[in-house]
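User: I would like to learn how to read charged pairs and surface patches in a protein model. Please take me through the one shown here.

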Amino acid sequence: MRAQFVLSEIGVGLRRNLTMTFAVIVSVALSLALFGGALLMREQVSTMKDYWYDKVNVSIFLCNKTDAATAPKCAKGAVTAQQKEQIEADLRDMDIVEDVHHESADEAFKHYKEQYSDTAIASVITPDQMQESFRVKLKDPEKYKVVATAVAGRDGVESVQDQRNILQNLFDLMNGMNIAALGVMGLMLVIALMLIVNTVRVSAFSRRRETGIMRLVGASSFYIQMPFIMEAAFAGLLGGAVACVLLLVGRYFLIDHGIALAEKMQLVNFIGWDAVFAKLPLVLAIGLLMPAVAAFIALRKYLKV
């Protein structure tokens with residue numbers, strides 16, 4: 001096969017269908033940019049979970065004097081010193097527990113005043129109304145239910161809370177955005193594939209005379225089809241390259257500069273450039289192979305050789 005002939009045919013095909021080729025490039029670029037963005041979003045959620053789940057604790061709130069009248073679980077009265085010692089000892093004996101910190105009512109009152117000093121209710125709250133608690137750090141935050149089962153319902157325990165629930169709504173929102181991005185990506189991908197098929201059909205029809213002559217002189221099916229397949233692959237590769245640029249620009253302006261989320265949300269551990277660069281080869285590979293495969297399948301139907 002002469003490479004010069006194939007390349008010349010690719011150039012002819014691209015010039016003849018310039019507008020449709022441009023539409024293919026744009027569709028592939030947008031769909032792959034959404035695909036890459038969805039992958040990065042999923043990795044961001046995973047990174048945030050690993051970062052925050054390692055920092056959150058299980059909080060075991062103990063009964064105080066005021067809870068005895070209002071909370072059914074504290075009907076037997078405030079927690080005793082013996083009950084506190086037994087709960088702490090049992091927690092420390094668990095293999096999944098990394099550390100246990102006891103927060104007294106005075107410490108809880110001090111923290112409350114620091115956080116809510118500007119509110120009206122802060123002036124009427126007294127230390128005896130605050131709950132003592134144990135802050136339990138787990139080696140594996142996913143095993144929260146083991147601790148909850150072990151201490152919930154004990155005398156002196158008012159409630160057991162997993163602080164992960166505070167973050168779960170954020171993670172659910174980000175996962176929902178990820179699913180929406182994948183849905184839009186799927187729609188754009190279908191549009192791109194339809195454009196590729198139509199481009200191949202138009203290109204094959206406009207060059208039916210040349211392909212007919214090539215059949216008569218004994219050219220193989222692969223030799224005839226190769227220019228069409230490479231046209232689609234070239235357009236897809238350009239779309240993949242544009243998608244890579246969009247991902248890099250998006251990471252630059254959203255996190256580092258422009259909107260600068262890294263400065264405005266310093267408590268969030270954002271993914272680094274290495275995560276973005278790791279996705280670029282996959283985006284380029286899909287941009288190259290997807291149109292080529294679509295063109296090959298279309299040619300079997302519209303270009304009988």
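Predicted model: local features only at pLDDT ≥ 70, side-chain atom pairs only at ≥ 80, totals over all residues.

User: How many salt bridges does the count come to?

Analyst: Side chains of opposite charge can pair when their charged atoms come close. Here the count comes to 5 salt bridges. One of them joins the side chains of E132 and K84, at 3.0 Å from N to O. This pair links distant parts of the chain, 48 residues apart: K84 belongs to helix α4 (residues 81–93), and E132 to the loop between α5 (105–116) and β3 (133–138).

User: Is E132 buried or exposed?

Analyst: Buried means a relative accessible area under 20%. E132 has 17%, so E132 is classed as buried.

User: Which residue does D90 meet in a salt bridge?

Analyst: The partner of D90 is R154, with an N to O distance of 2.6 Å. Again distant parts of the chain are linked: D90 sits in helix α4, while R154 lies in the loop between α6 (144–151) and β4 (157–162), 64 residues apart. D90 is partly exposed, at 21% relative accessible area. R154 is partly exposed too, at 26%.

User: Which side chain meets E103 in a salt bridge, and at what distance?

Analyst: The side chain of R135 does, at 3.0 Å from N to O. The two residues are 32 apart and link distant parts of the chain, with E103 in strand β2 (residues 97–103) and R135 in strand β3. E103 is buried, because its relative accessible area is 9%.

User: Now the surface. Which residues form the nonpolar patch?

Analyst: For a patch, a residue needs over 30% relative accessible area and no salt bridge. The nonpolar patch on this surface consists of L237, L284, L288, L289, V293, F296 and I297, which together have about 580 Å² of accessible area.

User: Which helix supplies the largest share of the patch?

Analyst: Helix α11 (residues 273–302) does, with 6 residues. L289 is located in helix α11. With a relative accessible area of 53%, L289 is exposed.

How values were computed:
Residues numbered from 1 in each chain as written. Heavy atoms only, no water. Patch = residues over 30% accessible without salt bridge, like charges linked within 9 Å, V, L, I, M, F, W, Y side chains within 5 Å. Areas by Shrake-Rupley, 256 points an atom, 1.4 Å probe, with all protein chains shown as cover. Salt bridge = Lys/Arg side-chain N within 4 Å of Asp/Glu carboxyl O. Helix = DSSP H or I, 4+ residues; strand = E, 2+ residues; numbered from the N terminus. Buried < 20%, exposed > 50% of the residue type's maximum accessible area, 1.4 Å probe, protein only.
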